[in-house]
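Please open the structure in your viewer and keep the selection tool at hand.

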Amino acid sequence: MREAGGPYFSSEGHGAARVLVLAGEWTIEHGAALEEAGAALARAGQGAQTLALDLSSVAALDTAGAWVIDKARSQLAAAGVDASVRHRDASQALLMKEAEFRSFEIALPASGSPVKELLSDVGESVFNAWRDFVGGISFLGQVVYTLFRALLQPARLRFTSIVYHIESFAFRGLPIIALINFLVGCIVAQQGIFQLQQFGATAFAVDLIGILVLRELAVLLTAIMIAGRSGSAITAELGSMKMREEIDALRVMGLDPIEVLALPRILALIISLPLLTFLADISALFGGLLVAWSYGDISPEVFMARLKSAIAFNTFMVGIIKAPFMALVIGMIAAIEGFGVQGSAESLGRQVTASVVKAIFMVIVVDGLFAMFFAAINY
Amino acid sequence: MNETRMIPANGAPQELAIRVRDVVVGFGSKLVLKGLDLDVRRGEVLGFVGGSGTGKSVLTRAILGLVPKRGGSIEVFGQNLDHLTPAEARRMGQRWGVLFQHGALFSGLTVGQNIQVPMREYLDISQELMDELAFLKLDLVGLPRDAAFKYPSELSGGMIKRAALARALALDPEIVFLDEPTSGLDPIGAADFDELIATLQRTLGLTVYMVTHDLDSLYSICDRIAALADGKIIATGTVEDMLASDHPWVRSYFHGSRSRQVMASRAAGARG
């Protein structure tokens, strides 16, 4: 009964006065058949002077059917046909009245010229970047102020929270960070050996690994992993608290969300990242050692001796010094983006993405700035 | 069947839209519904009440197939939902519409696109007709036409409910499930929404299954009320039947101070 029994009609009478008798199911489930029947209705009525659409044999009617029928009627009326509808009963009449044809011409919001839109987009981005920068500076000020206030009253430092976050950032993040650094250590060592072999300088691969890993790679990879793993977690956590008005609840209790939520996380990151960097150094060097042994025939004893002469304490410190600054940048961006979440879930997703992208970008910028700084002071 | 489906069959015994028998639903070791029976007749507005956490939403979700049941049978339009072929299940999706408590509008789509989602999925009609029908549904639920171009996040709570109702009505379903349609609306908005449901029910001949806490809705638009407690339907019938019931929960619900106030104001309204 469903697919069969679609809408159809038959024409009675010819010339000036006609009756179109509609039958079958004029319902939306017949889809294209319904639309086609409506168009056919309008065609069949063309040229008549008076036309009646007789609905008394219609098996089923819904708003879509009523709409299609009334649309045909109004098209015919516009073409000068005196078209009318004969209902069977009150409920049909009510339905036809509800679905009466009306024009839906709406002024769509006019779109400006593409050039104008492009320029306004660029302007908006520049403005937003500047606003982010100013917002970041002011947030940094708040964090530092809160930190000093907390240092004066150490009870406000929330050690439990800091330890909890160190566990989740450093301890739980350690396996993946150690693994990634191990693999990158292996890869750098392999390429170093292959390229230096051509000059008969295989042994210098150890210098390459040691300096590259300690100064740049370990800290950079660790910071990027932390930005992706913990920065996103912080933003999501603070953002969902913001969404559910938990942050407002803290405020009205007289608590400072930066002190309660942001500071412990940022401090935990600042403590965690140097620790992780140290372990990342070890695992990357270990990866390099294994590859140098298997690909370059450099025995572990030779590797260690060579490494000792190639690097100094400052090589190690260059990497470690950068870690807390990167942690501060990641933590601040994560907290700002988290507090910036609006009411909706899409906003949360957007802010988490923005947090990770901005944090990774800023980590690399900070690394570049440090590279210039260390070069300038010959460290 | 020379009869539009808009007209509820008035002769007794009325045709059943939903027939729930001995349904058992549980989570873990806790049983929420313990052998529940419920009938919803075609063309009626059934109000479904029960205390918080008694399983009103669970039953609704079980009927819609969103929660697995452990036993019993659920028939909608005479078809057992456990024995549907995929094609029949798709067909069922066109015959019922659901208004979720928080609207559940797709946030990435405008209201107009939301209303057109079921049309796009099920029908091969032109974009022009889809646009016209979407606007028609907006008119039906009393939303301004420019709402079609807005995203759900730009709408107020009441507008979201109306837009979600428009989407539920997109395919002219025979039955609509309303989950607390007036919760979160101010009394004026709630009364408007009740009025809207009553009008639509009359015009479109809908069967309405409504989970609600709103005493005003129960008194003003429900033909019958079913009360849920202890995992079973403890009473069904009109408001008068509910008032006459001996069950302690039903008594406290319908004879509580709020209920008496609603009745008093309705009686005063009727006299005035």
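**A strand and its neighbours**

In this predicted model, begin by selecting strand β7 (residues 175-179) and strand β8 (residues 207-211) of chain B: the two run parallel and are joined by five bridges. Within this pair, I175(B) has T207(B) of β8(B) as its bridge partner. Next, trace the chain from β7(B) to β8(B); the path passes through helix α6 (residues 187-204) of chain B, and this β-α-β crossover is right-handed.

Are its residues buried or exposed? Five of the five are buried. In a regular strand, side chains alternate between the two faces of the sheet. On one side of β7(B) are I175(B), F177(B) and D179(B), on the other V176(B) and L178(B), and both faces are covered.

Select V208(B) next. Leaving aside residues up to four places away in sequence, V208(B) touches V45(B), L46(B), V176(B), L178(B), I197(B) and Q201(B). V208(B) is also among the residues with the most contacts inside the largest nonpolar core, which has 103 residues. Apart from that core lies another, of 61 residues, including V143(A), L214(A), L276(A) and M332(A).

**Chain A**

Finally, select chain A, which is divided into domain 1 (8-98) and domain 2 (141-376). The C-alpha centres of these two domains of chain A lie 71 Å apart.

Technical notes
Residues numbered from 1 in each chain as written. Chains lettered and ligands numbered in written order. Predicted model: local features only at pLDDT ≥ 70, side-chain atom pairs only at ≥ 80, totals over all residues. Buried ≥ 20, exposed ≤ 12 C-beta atoms within 10 Å, placed from the backbone. Helix = DSSP H or I, 4+ residues; strand = E, 2+ residues; numbered from the N terminus. Pairing = 2+ DSSP bridges. Right-handed = clockwise from strand over helix to strand, strands pointing away. Domains from an automatic or database assignment. Core = buried A, V, L, I, M, F, W, Y, C linked by C-beta atoms within 7 Å. Contact = placed C-beta atoms within 7 Å.
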